[in-house]
Amino acid sequence: MAESYKYPELKNFKFRELKVYASTEWLADNKKKYRQVFDRYETTYIYAELSFYNKMFDVDDWEINVKLKCFSLKKGRKEVCSLSFENRKVSKYDSVVFIREGWGNKNEGQFWKKGTYYWEAWIEGEKVATKYFYVEDASKSSSNDSNDYLEVHSLKLYEGPYDDVNEDDRTYYRKFSCEETRYIYVEILLKNIHNTKSWQCELFSKFYNNARELKGQVVRLQRVEKKDDMIKITAGWGSNVKGSWRKDRYTAELVFMDKLLAVIPFEVSDDFEEGIIPVLLPDRHSPVVLSPDTDIDQSFEDVMIKLDSLIGLSEIKKKVREHAQYIQFLQLRKEKGFEEKDQINVHSVFIGNPGTGKTTVAVMMGRLYKKMGLLTKGHVHEVDRVDLVGEYIGQTAPKVKEAIEKARGGVLFIDEAYALARSNDDSKDFGREVIEILVKEMSNGEGDMAVIVAGYPKEMKHFLNSNPGLKSRFKLYFEFSDYLPQELSEIAGYACEEMKVSPTEDAQKKIDEIIISAYRGRDRSFGNARFVYDVIEKAKINLGLRVMAEENPRSLSKEEISIVELSDVEKIDIKARRELPSIPIDEPLLNSALSELNQLIGMHNIKTQINELVRLVQYYRYTNKDVLNSFSLHTVFIGNPGTGKTTVARILTKIYKALGVLERGHMVETDRQGLVAGFVGQTAIKTAEKIEDSMGGVLFIDEAYSLTQGSRSAHGDFGNEAIQTLLKRMEDNRGQFFVFVAGYPDNMETFLKANPGLASRFDKILKFEDYSPQDLLEIAHFMLAENDMRLSPEANEHLAKYLHFIHDYRDKFFGNARTVRSIVTEATKNHNLRLAALTESERENVAPDILTLDDVSSFKMDKSGFVFNKKTIGFRKQSGESS
């Protein structure tokens with residue numbers, strides 16, 4: 001039989017594949033976890049899998065002789081084992097035949113040593129295949145889940161043809177076009193932490209669709225030299241023919257030595273969307289953005305030189321350098337055998353006005369700490385109160401922990417940190433929960449993070465005193481002074497370079513005059529570098545308007561469209577304060593308005609805030625202080641439906657009129673429809689008309705968040721055009737009218753963050769909490785009393801229970817007083833229908849103004865009666881429990 005195999009056409013088999021694996025776990029379709037690289041301390045047996053096609057399938061049984069040999073290439077070629085399968089029966093029912101066998105020891109790390117090996121497969125005395133594999137040794141780890149070879153440093157996705165894309169030509173995407181995408185590539189940057197020896201890195205890149213079906217897999221085997229700090233790998237899947245990717249959600253998953261390294265979720269839809277996708281890591285609770293550190297090769301001195309190159313900040317630079325030198329001193333003492341009682345403190349307080357370089361220095365300190373070995377990544381994750389504080393009980397802690405995990409390895413920079421401690425006696429403020437979690441993290445958390453808090457001097461002092469343990473966690477204080485005029489002038493030059501414009505000598509002199517004038521008249525809200533950038537940007541806008549007014553602007557040279565002239569700077573509108581009328585306080589109107597406010601049901605926090613504001617304005621008026629130029633009184637009303645936002649806005653307008661801060665004291669109510677038009681240019685006109693109507697009074701914009709949620713057309717977002725018009729008039733006509741914006745909590749937070757200028761324009765935020773069940777019942781009594789109606793004791797008891805029930809299961813769409821209005825209307829209708837069904841004589845014995853239990857019995861404590869099944873607040877009742 002053996003001689004017949006000299007003629008291939010007479011063979012009963014056709015070689016298929018030779019693979020290697022170590023895990024005996026069975027996978028679908030008779031597969032194994034095939035690999036070529038194994039860790040010594042995780043390996044017992046290493047198996048070879050020989051497969052071949054049976055040419056006698058469905059014809060006849062037959063026998064075959066197979067031999068599997070393993071060799072080591074350490075110090076020459078040496079045979080490890082030879083496994084023979086004599087006269088192995090091949091069944092006619094097997095179309096593909098598998099022969100699997102391994103060699104090793106049942107104890108991990110006992111048999112296989114670091115080195116290069118290969119399996120040989122022989123059939124009927126003929127070698128049919130060779131397969132290499134590698135055993136690596138990163139020393140035995142204390143944890144089976146640890147990875148002692150590499151760390152994921154950066155993962156990004158890009159599109160390209162079969163033969164890849166040069167690194168400089170890559171465009172990174174968050175979403176891909178289903179019609180234009182060919183191959184989707186993962187750009188993988190790994191940090192080599194097993195850098196004492198050279199080793200083989202085998203990386204699996206698996207692409208799955210949303211149904212968890214494997215779309216494709218790419219395996220990369222790459223030798224890593226011990227001198228390599230970073231490992232760069234690209235892996236892509238797709239087709240050179242466009243359209244092979246369907247609209248769906250996908251994941252690219254990276255696997256190393258049978259362990260999941262990272263998951264990158266991405267989407268294929270109609271169009272491409274540029275950006276870096278947050279990555280899911282097994283040891284993180286939330287997605288993180290991984291991108292390469294552009295300064296990864298910088299030395300400690302390189303970072304210090306970059307810090308020294310910043311304009312101004314001489315005291316800050318000196319203090320940062322001294323701090324860095326002291327850390328080096330402590331590290332030196334540790335090397336010499338000294339034991340320090342306390343760990344090196346890297347938490348800092350940054351005190352200063354806006355635009356003084358706090359964020360820039362925070363970035364520098366993150367890099368310094370990384371170079372000194374105190375942080376593993378050195379990035380900066382910037383947050384403020386909105387990013388940390390939840391609206392309801394239980395929402396704050398997850399938000400804070402998510403922010404901490406995103407900052408892990410780097411700096412958690414909390415801007416305007418004082419907003420977390422608004423009032424010493426406000427025990428219900430969730431900002432305090434943020435502070436408590438931060439104190440715990442800085443005390444005995446996982447570490448590998450520096451916390452930097454920033455804000456105004458006075459407010460930061462209050463913030464640090466708000467928690468007994470907070471102040472002791474911060475040892476480093478950096479005070480950022482306002483930039484001097486000459487430094488601001490230097491910053492202006494830098495801004496011109498960034499915006500690629502060049503002022504003439506006269507224009508530069510005028511810019512310097514503007515800077516000096518603003519510096520002399522500055523208060524603590526002075527924008528410093530931000531103010532200068534704003535001036536240069538306005539000059540560039542005026543340059544653009546001048547150029548486009550030319551008869552043939554395209555004929556102008558590159559130099560002509562980049563030179564800022566004196567006239568461009570002179571047109572910058574930095575207006576002086578307008579003299580506002582002095583109107584005496586109208587005491588009767590004020591008392592009437594305050595009485596109306598105080599008679600409202602609930603709203604204790606709102607009443608307190610408004611009464612405090614009234615006392616403050618009265619004090620300013622009595623001491624002849626400038627009220628309108630001290631605070632603008634633009635107000636945000638945040639609350640769920642039916643919590644009294646519009647009612648309070650009307651009362652507050654009356655109060656402002658009575659205090660003499662409004663000339664006319666009327667309120668113009670509008671919404672998106674009243675401000676936004678459907679064509680270019682019309683929105684600004686429409687918004688301006690509403691503002692003119694509200695001059696001397698209040699412009700009340702209900703559901704203001706809808707201005708940032710409008711659909712985008714080919715001409716842009718007209719809601720944003722309304723916001724831009726509004727912001728400009730709020731600044732230009734400061735004190736001449738006030739803007740009240742109202743909406744639901746989640747949406748209003750998004751609205752205020754949608755435009756950098758919005759949050760800074762509104763001095764006051766009034767948060768309207770949901771009414772309590774007792775408040776809701778009192779509102780129902782009030783509404784009934786308006787119609788000369790009242791409840792019987794039984795009806796009152798049932799309605800109170802029902803209001804408790806719907807309050808317990810309320811969500812963010814709960815209507816509060818509006819819901820009560822509907823209930824009262826329905827109960828009144830039931831009452832009228834009941835009386836209408838009686839005869840005249842029967843009606844004489846029934847009180848026409850009393851609602852009985854029959855009139856309210858239709859309101860049942862049953863969740864199935866809800867119109868929508870929305871998420872509830874609190875705990876859900878288990879099935880089987882009574883409602």
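Contact means heavy atoms within 4.5 Å. The model is predicted: local features need pLDDT of at least 70, side-chain atom pairs count only at pLDDT 80 or more, and totals for chains, interfaces and linings use all residues. Residues are numbered from 1 along each chain as its sequence is written, and side-chain values use heavy atoms, with hydrogens and water left out.

User: With which residues is tyrosine 656 in contact, leaving aside its neighbours within four places in sequence?

Analyst: Tyr656 is one of the residues that touch the most other members of the largest nonpolar core, which has 58 residues. Such a core is a set of buried Ala, Val, Leu, Ile, Met, Phe, Trp, Tyr and Cys residues joined through side-chain atoms within 4.5 Å. With those neighbours left aside, the contacts of tyrosine 656 are Leu613, Leu633, Thr635, Val661, Leu662, Phe738 and Phe740.

User: Is threonine 251 buried or exposed?

Analyst: Buried means under 20% relative accessible area, exposed over 50%, and partly exposed in between (1.4 Å probe, protein chains only). Because its relative accessibility is 16%, threonine 251 counts as buried.

User: Why do the buried residues of α17 line one face of the helix?

Analyst: Helices (H or I, at least four residues) and strands (E, at least two) are DSSP runs, numbered from the N terminus. In α17, the buried residues are Thr683, Thr687, Ile691 and Ser694. The arc is that of the directions from the helix axis to the C-beta atoms. Seen down the axis of α17, its buried residues line one face because they fall within an arc of 70°.
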